[in-house]
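Please keep the sequence and the model in view while reading.

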Amino acid sequence: MSSIARLTGAAAAAGVVAAAIALPAVGGTGAMFVSASEDLGIKPEELKEPPLAEKTVVLDAKGNQIAQFYEEYRENVKLTDVAEVMKTAIISIEDYRFYEHGAIDIEGTIRALAKNLSSGGIAQGGSSITQQYVKQVLLNSATTEKEKNAALEASYARKLRELRYAMAIEEKYTKDQILEKYLNIAYFGASAYGVEAAAKRFFGVSASELTMAQAATLAGAVQDPNATDPNLGKEQRERLLNRRNLVLDTMAKLGKITPQEAAEAKAKKLGWKGTALPGGCGASDYPYFCMYVRNEILTNPVFAKTAKARSQYLNRGGLEITTTLDPGMQEAAEKAIKKHVFATDNPVASEALVEPGTGAIKAMAASRKYGNNKRKKEMSYNVVADAVHGGGTGFQAGSTFKTFTLLTALKQGMKINDGISVGGGYRAPYYSSFKNCKGENIGDPTHVVENAEGGGGGFKSLATGTWGSVNTFFVALEQKVGLCNVVKTAKSLGIKRSDGLALTEFETFTLGTNEMDPVTVANAYAAIGARGKYCAPMAITSIKDRDGAVKTYKPKCKQAFDPEVADAAANILSGVFTKGTMRGVGGIGRPAAGKTGTTDNQASAWFAGFTPDLAGAVSIGDPRGAQASKLNNITIGGRYYGSVFGASIPGPIWKDTMIAALKGVPATDFTPVNSARFGGCGQSCAPVQREPEREEPEAGDDDPFDIAVGGGDD
């Protein structure tokens, strides 16, 4: 007698065929059929169904998608958005009596058990679509290898456990709901999870557009998606083609399609397109901003308490993240950089734009593409941001730091025309002349700070000293107002080293010896444009979760210093365009203020500037090592430079960017200076004799005699 005959006879004798399950006999090797709900008291067991891993999309401020992240490439769809032929194909090959049986298909189970008994193990599954869904849920929710192995083990214990869960699922959902859940959880191969992702990955269409041949292909793939993964090679594609044809034959045998339809579909090629998986910052048109957003979520406890939870939130959460990125401003920054610096140049230029009063990052751009191809000089890290947001060590910010000393002097009551008489060199008079914020004496009488090219000194006011960016004046001014006070001013504006280390606090602090990134510097200058209102850098405005709940994020701001101090500083810094180091470049046709920055011997160069509507910072340096590869006797952007200064390349980039980025935006005036408070002289004043401010060469002019009044780091 055959195995099936023996089993059928036993089941009929027991009178329980309608709800039977195969279990190993206790203490023996045979099998018996028992009632699942009565004889063994098997009860439905509630299955925990964690949300499926689903892709997260990132949008710019206009609502355009700019990036996406995922742990599993999946896009959940409604069953009504799946082609009817896809539903027919998957049911035909996986569970053709799906709409007729309950949690278990008795015919399939008997057939599988007979096969298993003859083979001495679990050779055939006989699982219904409901049971397969249960298995996928258990596998997807497994967090340890032990749990994953338990979800996949070939044992009757697992089958019994699946049945209990399947019984509960059948009671909880309709058949259509179960089929929808199965189609969304199933793995089809080629890193595609769910039918929508698979349709796009395999054929470049949505699940609603699948043809008969395509639907049969996907239905055939779920049985063993690794063995039929078309992305792995010719052998796997051949297996998939055979599976497709089997599905078509099965559909015809069941009367779901005609033999002629099956033959026509089988005559078609596989049609594998291998549509590239979207996602990740490398695939984004705005990779540096994308990296900033990604790292903001992965490192900020606001989004989840642990690093693991934040990673799951981003990569599995099915979020819709709306950001601050302005596509028009981003384009302006990219075009300006491309005009002045080539992607093939050794030095790299980078720029960040920030909105005063909110801290919203509007653009992040660099001269090089993001990637790992060293031959093409791609950047493998976020050169526009700090290390926390995927960046590197940054570049020394040079004389852009003099602004913090200027602000400190104004806060302490100095007027615009107050100043100090200085020479061409500065030496700390004694060790205690400078103290760091720990109260330690760090003044070094053996170190001489000099002006550029040996430039001279004389009396310099806050205004003329700033316009000429005179080194000796600013170190002397820093001594006067207190090094620690200058450091505190900088910190109040969010200044921190790009590499995450503590700021170095030496007398050269005002000359910008700390390594910075454009986002941090631009944001600090934005606070001056906002009349002393500092707002933390902000890239995310809202996040909508998979259930449609939206959480908005507001700017985090504080009043860092007196608005009138900011007004006075803006007044002085606006003169940089007309009387100072940017006079050869010129302004942008609306009220603007800023400061050039060049480090010692042109290791790097900067420009940071602002209007009441937008602030920006531009840096340029050689990522191979700024100190070893300085910006002297070099060709950048197809143009030769004897020495690169802040006004040589960063200044023009900033100017071109701002003109384009603010096109159509009404110009906003700076608030006039309180002349009663900051006009005239107070503490130390001398007649200001107009003299050519030639601290920094005009753009493209490398004549060393053009920096006679000195500002050696600018």
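## Salt bridges

The structure is a predicted model, in which local features need pLDDT of at least 70 and side-chain atom pairs count only at pLDDT 80 or more, while totals for chains, interfaces and linings use all residues. Residues are numbered from 1 along each chain as its sequence is written, and side-chain values use heavy atoms, with hydrogens and water left out.

A salt bridge is a side-chain nitrogen of Lys or Arg within 4 Å of a carboxyl oxygen of Asp or Glu. The structure holds 25 salt bridges. One of them joins K55 to E75, and it links distant parts of the chain: K55 is in the loop between β2 (31–35) and β3 (56–59), whereas E75 is in the loop between β5 (73–74) and α2 (84–94), 20 residues apart. Helices (H or I, at least four residues) and strands (E, at least two) are DSSP runs, numbered from the N terminus.

| Salt bridge | N to O distance |
|---|---|
| K55 and E75 | 3.5 Å |
| K335 and E331 | 3.2 Å |
| K339 and D656 | 3.3 Å |

How many residues apart are K335 and E331 in helix α14? They are 4 residues apart in this helix (residues 327–340), and are therefore separated by about one helical turn. K335 is exposed, with a relative accessible area of 54%, whereas E331 is partly exposed at 41%.

The side chains of K339 and D656 also meet in a salt bridge. Because K339 lies in helix α14 and D656 in helix α21 (residues 650–661), this pair ties together parts that are 317 residues apart in sequence. K339 counts as exposed at 56% relative accessibility, and D656 counts as partly exposed at 22%. Elsewhere, salt bridges link E46, E49, K172 and K181 in a network.

## Aromatic rings

A pair of aromatic rings is described by the distance of the centres and the angle of the planes. Rings of Phe, Tyr and Trp (its six-membered ring) pair if their centres lie within 6.5 Å; planes under 30 degrees apart count as stacked, over 60 as edge-to-face, and the rest as tilted. By this rule the count comes to 18 aromatic pairs. In one of them, the ring centres of F303 and Y553 are 5.6 Å apart and the planes stand at 55°, so the pair is tilted. This pair links distant parts of the chain, 250 residues apart: F303 is in the loop between α12 (287–299) and α13 (307–316), and Y553 is in the loop between β19 (550–552) and β20 (557–559). Both F303 and Y553 are buried.

Ring pairs also join F401, F404, F509, Y525, F610 and F670 into a cluster.

Charged side chains may be described in relation to rings as well. A charge sits over a ring if NZ of Lys or CZ of Arg is within 6 Å of the ring centre and within 35 degrees of the ring normal. K175 lies over the face of F98, at 4.5 Å from the ring centre. K579 lies over the face of W467, at 5.0 Å from the ring centre.

## Strands and sheets

Two strands pair if DSSP finds at least two bridges between them. An open sheet is formed by 5 strands in the order β4-β3-β8-β18-β19, with mixed pairing. Its edge strands are β4 (65–69) and β19, each of which pairs on one side only. Strand β18 (residues 540–544) and β19 run antiparallel and are joined by 3 bridges. Within β19, T552 is the bridge partner of S542.

A further antiparallel pair consists of strand β24 (residues 632–636) and strand β25 (residues 639–643), joined by 4 bridges. Here T635 stands opposite Y640 in β25. The hairpin of β24 and β25 has 2 residues between the strands, and G637 takes a positive phi near 65°.

## A buried serine

S492 is found in helix α18 (residues 483–492). Is S492 buried or exposed? At 15% relative accessibility, S492 counts as buried. Not counting residues up to four places away in sequence, S492 touches Y534, K558 and A560, where contact means heavy atoms within 4.5 Å.

Methods:
Buried means under 20% relative accessible area, exposed over 50%, partly exposed in between (1.4 Å probe, protein chains only).
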